[in-house]
Amino acid sequence: MNSRKRPFLAKVGKWLTECIRSIKLALYKADCISQGDYLKENMNFTFNPRKSAQAGAYLLKLNGGDMDKYKWIKMLYWSDRESLAKWNEPITGDRPVSMPHGQVLETVYDLTKSGTLPSIKQIWGKYISDADEENRVSLNNDPGVDELSRAEIAILESTYAKFKDFTFGRLKKFFAELAEHENVEGTSKVLPIERILKALGKTEDQIQEAEKEQNDIRLTDMILGGG
């Protein structure tokens, strides 16, 4: 979602939330989900394939059209992290996970592999390739930047400038020193958005407010038919 739409959707979402909260909670209770469980639900976003492809493609263009898969995914993770720091919302909407080599974006990581996520690949594959034998991803076609705000493009540009010369070892060390990093052995583990927000220095009140705002936006999107 473009960050420019957030204030309007948040206001509409707040109003709609108050109007239908009792109905929504009744439906949850009918499914054996209590109000307390709902409020404890982890903060999450919806992956936007086209916007994510535009963000990924923009980084590839800055690098001449291709990039090491590991570095590229780390750049996208960092861009989402910077967006969370500014607006409590990532650029891609992807789910962060902890893996043996550190933090990555789950869907983007899977999309670099051949034969995965065919429905998303219908959009994604037009613009970005699978990783090749040398673990490099390439730009197939330019998807443009109409889904990205100027501020989001600025984040991508600053991210590229920051990490473009990093080696694999330096990248791994840098991300391992971030406060949200968690060691995992041979597997992956969901990295809650709340953990990242806390690592960014957000207070508990700020995190709760961000959760409430995101719930309002998700509800608005659901009611208006956005998914």
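Tutor: In this predicted model, strand β2, which covers residues 96-99, is joined to β5 by two bridges, and the two strands run antiparallel. Within that pairing, V97 has V190 of β5 as its bridge partner.

These strands belong to an open sheet of three, arranged in the order β3-β2-β5 with antiparallel pairing. Strands β3 (102-105) and β5 (189-190) stand at the edges and have a single partner strand each, so one side of each is left without a neighbour in the sheet.

Helix α4 lies across β2 and β3, and its direction makes an angle of about 85 degrees with β3.

The helix α4 (residues 69-87) also packs with helix α7 (residues 150-163), at an angle of about 130 degrees and with the two axes 9 Å apart. Because of that angle, α4 is oblique to α7. The crossing in which α4 passes α7 is right-handed. On the α4 side, the contact is made by K71, M75, W78, S79, E82, S83, K86 and W87. On the α7 side, A151, E152, I155, L156, T159, Y160, K162 and F163 take part. Sorted by class, the residues in this contact of α4 with α7 comprise eight nonpolar, three polar and five charged ones.

Terms used: Residues are numbered from 1 along each chain as its sequence is written. This is a predicted model: local features need pLDDT of at least 70, side-chain atom pairs count only at pLDDT 80 or more; totals for chains, interfaces and linings use all residues. Side-chain values use heavy atoms; hydrogens and water are left out. Axes are lines fitted to C-alpha atoms, for helices over the stretch in contact, and angles run from 0 to 180 degrees between N-to-C directions. Helices (H or I, at least four residues) and strands (E, at least two) are DSSP runs, numbered from the N terminus. Angles under 35 degrees count as roughly parallel, over 145 as roughly antiparallel, 65 to 115 as roughly perpendicular and the rest as oblique. A crossing is left-handed if the near helix is turned anticlockwise from the far one by less than a right angle, and right-handed if clockwise. Contact means heavy atoms within 4.5 Å. Ala, Val, Leu, Ile, Met, Phe, Trp, Tyr, Cys and Pro count as nonpolar, Asp, Glu, Lys and Arg as charged, and the others, Gly among them, as polar. Two strands pair if DSSP finds at least two bridges between them.
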